[in-house]
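The following note is written for a student who is meeting this structure for the first time. Please keep the sequence and the model in view while reading the numbered points.

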Amino acid sequence: MIQKTVIVRPERCVGCMQCMIRCAEAHSQSKALASAIREPILAKPRIHLGVGPEGRPFPSKCRHCEPAPCQDACMPWAIRDDISPGLKIVDPTRCIGCGMCAMSCPYYVIRFYRDAAAPERPGVAVKCDGCHERVAAGGIPACVTACKTGALAFEEVNLYLKEGTNRLANAVYGVRI
């Protein structure tokens, strides 16, 4: 079964950072922005904006690779694939903050912060978890909810690729869509 995933269309991103804010809010203990900013350990975003040519924003998040270099490099097996199908999720109680996962990630999307699930540790790996709890409850990932330009969408990857095939076909025949 093909699952939905977050599709990134960087050409539509305006760099508003609402995806980052709503991601951090969704991963806070209170799940509400007004109270989340007062929590003792602030939740951090799992999506990041890079800066491309001419200052253009580029939203980047974990692709949940298969095989996943971060998971292969994780010595304490903190990056797990048994929590939600198709996702590589960090278990902060197992993470030792060694950084091996971040060094092996080809997309530079892993960061290290304190985490409310392991408050005794100075920093654990933080990366996209696909908002698996929201999705299991029938929702969509927080970053997608926040994106008003369509730069982030929650779709089946084959539908996105079919759109690309149609755009290519139209470009070949000189039609802009």
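How many residues lie between E2 and E3 in their hairpin, and which residue in the turn has a positive phi?

1. The hairpin. Five residues separate E2 and E3 in this hairpin, and Glu-54 in the turn has a positive phi of about 60°. Strand E2 covers residues 48-51 and strand E3 covers residues 57-60; the two pair in the antiparallel sense over four bridges. Within that pairing, His-48 stands opposite Ser-60 of E3. Two strands are said to pair if DSSP finds at least two bridges between them. Helices (H or I, at least four residues) and strands (E, at least two) are DSSP runs, numbered from the N terminus.

2. Basis of the note. This is a predicted model, in which local features need pLDDT of at least 70 and side-chain atom pairs count only at pLDDT 80 or more, while totals for chains, interfaces and linings use all residues. Residues are numbered from 1 along each chain as its sequence is written, and side-chain values use heavy atoms, with hydrogens and water left out.

3. Backbone exceptions. Most residues other than glycine have a negative phi, and most peptide bonds are trans. Glu-54, in the loop between E2 and E3, has a positive phi near 60° although it is not glycine. Cys-131 also has a positive phi, of about 45°, and is found in the loop between strand E7 (124-126) and H5. Glu-54 counts as exposed because its relative accessibility is 81%, whereas Cys-131 counts as buried because its value is 9%. Here buried means under 20% relative accessible area, exposed means over 50%, and partly exposed lies in between (1.4 Å probe, protein chains only). The peptide bond from Glu-66 to Pro-67 is cis, with omega near 0°; Pro-67 lies in the loop between E3 and helix H3 (69-73).

4. Is Lys-88 buried or exposed? Lys-88 is buried, because its relative accessibility is 3%. Lys-88 sits in the loop between strand E4 (79-80) and strand E5 (89-90), and its side chain reaches the backbone oxygen of Cys-65 at 3.4 Å. The residues that Lys-88 touches, not counting those up to four places away in sequence, include His-64, Glu-66, Arg-80 and Asp-81. Contact means heavy atoms within 4.5 Å. Asp-91, in the loop between E5 and helix H4 (100-104), is also buried, because its relative accessible area is 12%. The side chain of Asp-91 makes polar contacts with the side chain of Arg-80 at 3.0 Å and with that of Thr-93 at 2.5 Å. A polar contact is a pair of N or O atoms within 3.5 Å; within protein, one must be able to donate a hydrogen and the other to accept it, and residues adjacent in sequence count only if both atoms are side-chain atoms.

5. Helix H1 and its surroundings. Several residues of helix H1 (residues 18-26) are buried, among them Cys-19, Met-20 and Cys-23. The buried residues of H1 pack against helix H2 (33-36), E2, helix H5 (132-136), helix H6 (142-146) and strand E8 (152-156). In E8, four of the five residues are buried. Strand E1 (residues 4-8) runs antiparallel to E8 and is joined to it by five bridges, with Val-6 as the bridge partner of Phe-154.

6. Cavities. A search of the whole structure finds four cavities of 30 Å³ or more. On a 1 Å grid over the protein atoms alone, a cavity is a set of points where a 1.4 Å probe fits but cannot get out; lining residues have an atom within 4 Å of a point. Grid points are joined across faces, edges and corners, and a volume is the space filled by probe spheres set on the points.

7. The segment after H7. Gly-174 is found in the segment after helix H7 (157-172) and is exposed, because its relative accessible area is 62%. The C-alpha atoms of Gly-174 and Ser-35, 139 residues apart along the chain, are separated by 52 Å.

Note on methods: On a 1 Å grid over the protein atoms alone, a cavity is a set of points where a 1.4 Å probe fits but cannot get out, and a pocket is an open set with protein on both sides within 12 Å along at least five of seven lines; lining residues have an atom within 4 Å of a point.
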